[in-house]
Amino acid sequence: MEENLVQDASDTPLQQEGMPHEVLFLVLSYLPLYELLVMAQVCRSVKEVLTYDILPWLNMVVGKPLNKRFNDVHLLKITSKADGRLKTLALLNCSKITDEGLQQVIARNPYITRLWLPACTSLSPSGVIEAVKLLTKNKHRLKSLRINGIYNLKKEDLEILHCLIDDESHPWQKKGLNFYHEYKEFSTFKHSYPPIDVEICPKCKEARVVFDCPRDSCRSMRQQQKLECRGCQHCILRCEECGMCIKDEDPVEAACVDVLCLGCWLQLPKCSFCNKPYCSQHADQKCSLVGSSGFVCIDCHARFIEN
């Protein structure tokens, strides 16, 4: 189904007629790619908007379930709908996108201000650098670059990217604090700090996303230039819910196998069988109980209810 949607949304049959509410047309510009392609099947009016209006295509977000099959051909076809005025290109875990395909799209869309390529593992550091060079020509500003998960990034590569992107004359470029739980909350329409998401981790010296800690005691240490709990996810264990480092207490496992601090574990609703909570990110995995306001986790539902 996903493959057919990408190939040509305009060929899909219309399932119902009628004029949708005007607010719907405003919503279209905030939808990820998959939802846009599905909306093309809803009614003739929506299909016509998506065919002739470039506004819904200016912020392109490719995630699940399209990302695993999404390749250069699909990318060129879909981004052509923006008519060269693409503002955001977010390819989330699109492992089949290559340097050549990315650079072709960048060359046709020179006004992109947000380029997000997390876990696009077929891209190389040199390919990303060439793409950023194209986007920063003629003093064009690339506001946000996410490249976490691209293999073989070195300190030298990051230095080149910072030289291309950094501009101290613009206040949004100033580095802010990067909290783990906020970083996971993907949003195309808000500024992300810092402009480049990865840096050299002070612990392992690898190019990874480095997080600060919102814990009060750690904030005071940060003011004293003591950065013991600043590091990447591999070096510092953090609560999935609040992003605080877990160092003075034992981590507690959630029903989704994520790690929580004791404070968050106590506050979250628990499974009626195993007494484990879900973190907010995986709360949709809860199984409701008939005649009860409680829930059971997936594992307990399979062990005790389905059987």
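## What the words rest on

Modeller: Let's start with Leu-145. Not counting residues up to four places away in sequence, Leu-145 is in contact with Leu-115, Trp-116, Val-128, Val-132, Leu-161, Ile-165, Pro-195, Ile-196 and Asp-197. Please keep in mind that this is a predicted model.

Colleague: Why is Leu-145 called buried?

Modeller: Buried means under 20% relative accessible area. Leu-145 has a relative accessibility of 0%, so it counts as buried.

Colleague: Which residues touch the most other members of the largest nonpolar core?

Modeller: That core has 56 residues, and the ones touching the most other members are Leu-89, Leu-91, Leu-115, Leu-145 and Ile-147. Take Leu-115: leaving out residues up to four places away in sequence, it touches Leu-89, Leu-102, Ile-106, Leu-135, Leu-142, Ser-144, Leu-145 and Arg-146. There is also a second, separate core of 20 residues, which includes Ile-246, Val-252, Cys-256 and Cys-287.

Colleague: What is in contact with Leu-260, leaving aside its neighbours within four places in sequence?

Modeller: Among its contacts are Cys-239, Ile-246, Val-252, Trp-265, Leu-268 and Cys-279. Leu-260 sits in strand 9 (residues 259-260).

Colleague: Is Leu-28 buried or exposed, and how do you know?

Modeller: The same cut-off of under 20% applies. With 0% relative accessibility, Leu-28 counts as buried. Leu-28 belongs to helix 2 (residues 22-28), and it touches Leu-36, Met-39, Val-46, Val-49, Leu-50 and Pro-56, not counting residues up to four places away in sequence. One of these, Val-49, is 21 residues from Leu-28 in sequence and 9.2 Å away in space, C-alpha to C-alpha.

Colleague: Why is helix 5 described as largely enclosed?

Modeller: Six of its eight residues (72-79) are buried, so helix 5 is largely enclosed by the rest of the structure. Those six are Asp-72, His-74, Leu-75, Leu-76, Ile-78 and Thr-79.

Colleague: What makes Asn-71 a cap for helix 5?

Modeller: A side-chain oxygen of Asn-71 lies 3.1 Å from the backbone nitrogen of Val-73. A polar contact is a pair of N or O atoms within 3.5 Å.

Colleague: Why do Asn-138 and Lys-139 count as exposed?

Modeller: Exposed means over 50% relative accessible area. Asn-138 reaches 75%, so it counts as exposed. Lys-139 has 81%, so it counts as exposed too. Asn-138 lies in the loop between helix 7 (125-135) and strand 4 (144-146), and Lys-139 lies in the loop between helix 7 and strand 4 as well.

Colleague: What makes their backbone angles worth a look?

Modeller: Most residues other than glycine have a negative phi, and most peptide bonds are trans. Here, phi of Asn-138 is near 55 degrees, and phi of Lys-139 is about 65 degrees. Both values are positive, and neither residue is a glycine.

Colleague: How do you know that the peptide bond from Lys-64 to Pro-65 is cis?

Modeller: Its omega is near 0 degrees. You will find Pro-65 in the loop between strand 1 (59-62) and helix 5.

Colleague: What lines the largest pocket?

Modeller: The pocket has a volume of about 830 Å³. Of the 27 residues lining it, Asn-93, Pro-118, Tyr-183, Lys-184 and Gln-281 are the closest to its centre. Helix 3 (33-39), helix 9 (180-183) and strand 6 (207-211) are the elements that give two or more residues to the lining. By type, the lining residues are 14 nonpolar, seven polar and six charged.

Colleague: And how many helices and strands are in the chain?

Modeller: Twelve helices and eleven strands. The chain has 307 residues, of which 46% count as buried.

Conventions
Residues are numbered from 1 along each chain as its sequence is written. This is a predicted model: local features need pLDDT of at least 70, side-chain atom pairs count only at pLDDT 80 or more; totals for chains, interfaces and linings use all residues. Side-chain values use heavy atoms; hydrogens and water are left out. On a 1 Å grid over the protein atoms alone, a cavity is a set of points where a 1.4 Å probe fits but cannot get out, and a pocket is an open set with protein on both sides within 12 Å along at least five of seven lines; lining residues have an atom within 4 Å of a point. Grid points are joined across faces, edges and corners, and a volume is the space filled by probe spheres set on the points. Helices (H or I, at least four residues) and strands (E, at least two) are DSSP runs, numbered from the N terminus. Ala, Val, Leu, Ile, Met, Phe, Trp, Tyr, Cys and Pro count as nonpolar, Asp, Glu, Lys and Arg as charged, and the others, Gly among them, as polar. Buried means under 20% relative accessible area, exposed over 50%, partly exposed in between (1.4 Å probe, protein chains only). A polar contact is a pair of N or O atoms within 3.5 Å; within protein, one must be able to donate a hydrogen and the other to accept it, and residues adjacent in sequence count only if both atoms are side-chain atoms. A nonpolar core is a set of buried Ala, Val, Leu, Ile, Met, Phe, Trp, Tyr and Cys residues joined through side-chain atoms within 4.5 Å. Contact means heavy atoms within 4.5 Å.
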